[in-house]
Amino acid sequence: MTAAADSPPRKRPFWTIERRDAAAGYVFIAPQLIGIVTFVLIPLGLVFWYSLHEWNVLANTFNFVGSANYQMLLNDKALPQVLLSSAIFSAGLVVLNMSLALLLAVLLDQKLKGIVVFRTLFFSPVVVSLVAWTIVWSFLLQNNGGINGMLQMIGVEGPNWLRHPSTAMLSVVVVQVFKNVGLNMILFLAALQGVPKELYEAARVDGAGRFKQFRRITLPLISPTILLTSIITIVGSLQVFAQIAVLTQGGPGMSTTVLVYYLYQQAFQFHFFGYGSTLSILLFVIVAVLTFAQWQLRKRIVFYEN
Amino acid sequence: MSKITHLKSAAAAAGILLPLAWSGVAWAQDAVNLRMTIWSANEAHLAMFNEIAEGFKATHPNVSITFEPLPFDSYTTTLTTQIAGGNPPDLAWILETTAADFVNSGALAPLTDAFAATAGYELDDVNPSATALWTKDGQLFAYPFSTSPFAIFANNDVIKATGAKTPAELIAAGEWNWDNAFATAATVGQSGKAGLVVRDFKYQSWQNLASIWRGWGAAPWSADGKTCGFTEPAMVGAMTAIHKAIFTDKAMPGPGEDIDFFAGETGMTITQISRASLLPKENPFDWDLVPLPAGPAGEYAVVGQAGVGAFAAGANAPVAVEFLAYMTNPENSQKLAQFFPPARASLLNAQTLASTNPLLSAEQIENVVIAGISSGTVLPGHTNFAQIQQTVRASLDSLWVADADVPAVLQSVCDSVAPLLAR
């Protein structure tokens with residue numbers, strides 16, 4: 001027996017360099033991937049699955065109803081009001097938050113003594129617990145609360161902030177703006193400090209005033225940050241829940257019942273988990289469309305993007 | 001150490017550990033942990049429940065019971081979320097307003113047969129009027145452990161300081177009606193303190209106003225639950241009186257003012273007598289407990305009920321039902337009666353209630369507790385209550401402003417809630 005002639009051709013080892021690299025890559029992304037699959041993709045699939053069912057928690061029944069929940073969505077008389085409230089909230093929040101954040105960032109983008117103290121002050125609400133922040137505001141906004149007390153000292157009779165439809169929405173928006181304006185402010189501040197100073201110098205030489213410099217140099221150069229913050233703010237505004245739950249419970253009337261709160265009511269208070277899931281699919285579609293639209297807009301508005 | 005010694009000591013260790021581990025497994029298999037959700041975090045209540053649970057342990061050493069207090073405001077929401085999440089408690093308190101939802105759903109284990117089979121339970125002693133709300137097709141699905149009349153607690157220190165007449169004085173003069181009660185509250189309210197607080201109402205839980213509007217003979221819907229009652233003349237009259245008391249006379253704190261009677265500084269509050277446990281022990285004030293005043297429709301009483309049921313789907317459902325039978329047997333019902341007015345006829349007498357309610361005088365027990373339970377109507381409830389509650393709440397919000405058009409708002413309430421009631 002001649003060993004060399006009969007032995008099978010030498011097997012290629014299983015762990016080739018490519019396979020080893022690929023495996024290492026998968027191991028590296030595994031923690032993130034497992035997290036996304038477990039906490040995002042599977043729940044997303046389940047919500048869609050639930051939305052095709054009528055789920056009675058108490059009776060423990062789970063029946064397939066096809067598109068019935070989506071029909072209900074189209075016929076829901078309360079939904080237009082809810083979407084309007086959501087739109088008003090989001091619009092109010094984005095406009096107020098972004099303009100205030102930009103204003104603060106411009107004011108704080110100075111080389112002054114102690115400026116860091118102010119930056120910290122304006123940023124600090126971001127790190128405060130959302131519910132604690134909102135509960136404190138709920139005391140301030142009470143009819144006999146702190147804000148009306150201060151107004152009284154200067155002889156003004158303040159409204160019952162949380163009990164009138166218009167002031168209730170305004171209150172919820174302002175509480176949310178003050179909570180999160182610091183985050184956008186810091187992002188704007190970083191963007192402002194990234195604008196090359198020689199551009200302003202050149203503009204000044206060419207005779208551009210302060211306002212023109214801001215419009216022609218600052219705004220275009222920080223536009224990627226404006227896009228980013230506007231996406232974050234709009235998506236965040238559609239998810240507002242704790243403020244509504246603590247401050248107004250959706251009232252007075254339906255004036256502050258935004259989509260997420262309405263969804264919560266349907267699913268967790270009225271036990272219509274199927275319809276609640278349908279509403280969250282609607283929310284998902286709205287967020288996806290808005291984000292896509294903004295991403296498309298970047299080509300026309302945002303400077304520096306290809 | 002030699003190899004042999006190693007082996008020996010290993011064998012010895014295994015000899016000790018294995019039986020221990022085995023007994024641990026056996027013990028863990030038999031151990032039953034029951035969980036009951038409740039909405040009271042009151043220490044005295046919890047101590048009493050733990051005492052009853054300890055008593056059950058005497059005959060069931062493997063059973064331990066945990067009482068899980070949930071916040072009252074979101075109680076039912078939290079409970080149903082636990083159920084939806086596949087983690088239901090074994091037993092739960094249930095509010096009268098949601099009784100229909102739970103009893104009709106099939107979620108609860110039937111109790112009648114188990115109670116009847118329990119030695120010494122005396123099911124006949126339990127008042128049928130108290131169990132009506134919790135019974136379906138002759139089967140009891142939750143035990144009404146508390147049938148608590150709504151009454152008025154008065155702070156006589158606060159009322160006398162403003163020169164107004166106290167409820168006791170009005171009762172003595174035979175003038176205890178809503179006109180005079182609101183007048184006393186208005187005097188207190190206009191002095192800068194709060195006049196009358198309807199506890200837990202908070203301009204959200206409108207069903208608590210039943211403690212006032214029943215005096216006008218008003219009800220939110222017809223007895224069969226199908227027709228809206230907010231536009232009935234009695235309801236319009238009652239709501240007009242309440243609106244005037246809030247916005248014209250300042251007899252009741254307005255929306256957005258959160259006031260606790262038991263902290264002092266408030267003239268009167270409408271609440272259930274089980275709240276007597278909140279009366280301050282340090283810095284006590286001169287308090288009184290009186291029945292609800294007469295309304296235009298005469299004298300009346302309103303009770304709130306709380307039931308406790310066992311979930312049918314739980315693995316320990318039979319043990320849970322057994323514990324429920326123990327918890328509500330004659331002996332333990334007497335313990336429960338110190339905080340929760342009982343459903344057992346044998347306990348509904350001044351003597352028993354006086355010995356279990358040291359806080360209340362014989363007069364208060366007779367006039368408020370016994371009279372209230374025997375004649376009271378239960379707080380309004382309905383199938384699908386949460387959605388009906390929210391819908392009415394949203395429409396009623398426009399009533400809580402100074403210049404509201406009461407009949408028009410009540411019409412809008414009926415417009416929005418009628419389709420839900422008719423369903």
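1. In chain A of this predicted model, 28% of the 306 residues count as buried.

2. The secondary structure of chain A consists of 13 helices and 2 strands. Its radius of gyration is 27 Å, well over the 19 Å that the globule rule gives for 306 residues, so chain A is more spread out than a compact globule. Along the principal axes, the C-alpha atoms of chain A fill a box of roughly 110 × 70 × 35 Å.

3. Among the contacts in chain A with a separation of 6 or more, 70% come from residues 24 or more positions apart.

4. Within chain A, the axes of helix 10 (residues 210–238) and helix 13 (residues 273–301) come within 10 Å and cross at roughly 170°. Angles over 145 degrees count as roughly antiparallel, and the two helices are therefore roughly antiparallel to each other. On the helix 10 side, the residues making the contact include Leu227(A), Ile231(A) and Ile234(A); on the helix 13 side, they include Leu283(A), Leu290(A) and Arg298(A). By class, the residues of this contact comprise 10 nonpolar, 4 polar and 1 charged.

5. Between the chains, 21 residues of chain A are in contact with 24 residues of chain B. On the side of chain B that touches chain A, helix 3 (75–84), helix 4 (99–105) and helix 16 (385–396) of chain B each supply at least two residues. Helix 3 of chain B gives the most, with 5 residues. This side of chain B has 9 nonpolar, 11 polar and 4 charged residues.

Notes: Residues are numbered from 1 along each chain as its sequence is written. Chains are lettered from A and ligands numbered from 1 in the order in which they are written. This is a predicted model: local features need pLDDT of at least 70, side-chain atom pairs count only at pLDDT 80 or more; totals for chains, interfaces and linings use all residues. Helices (H or I, at least four residues) and strands (E, at least two) are DSSP runs, numbered from the N terminus. The radius of gyration is taken over C-alpha atoms; the globule rule is 2.2 Å times the number of residues to the power 0.38. A residue is buried if 20 or more other C-beta atoms lie within 10 Å of its own, exposed if 12 or fewer, and partly exposed in between; C-beta atoms are placed from the backbone. Two residues are in contact if their C-beta atoms, placed from the backbone, lie within 7 Å. Ala, Val, Leu, Ile, Met, Phe, Trp, Tyr, Cys and Pro count as nonpolar, Asp, Glu, Lys and Arg as charged, and the others, Gly among them, as polar. Axes are lines fitted to C-alpha atoms, for helices over the stretch in contact, and angles run from 0 to 180 degrees between N-to-C directions. Angles under 35 degrees count as roughly parallel, over 145 as roughly antiparallel, 65 to 115 as roughly perpendicular and the rest as oblique.
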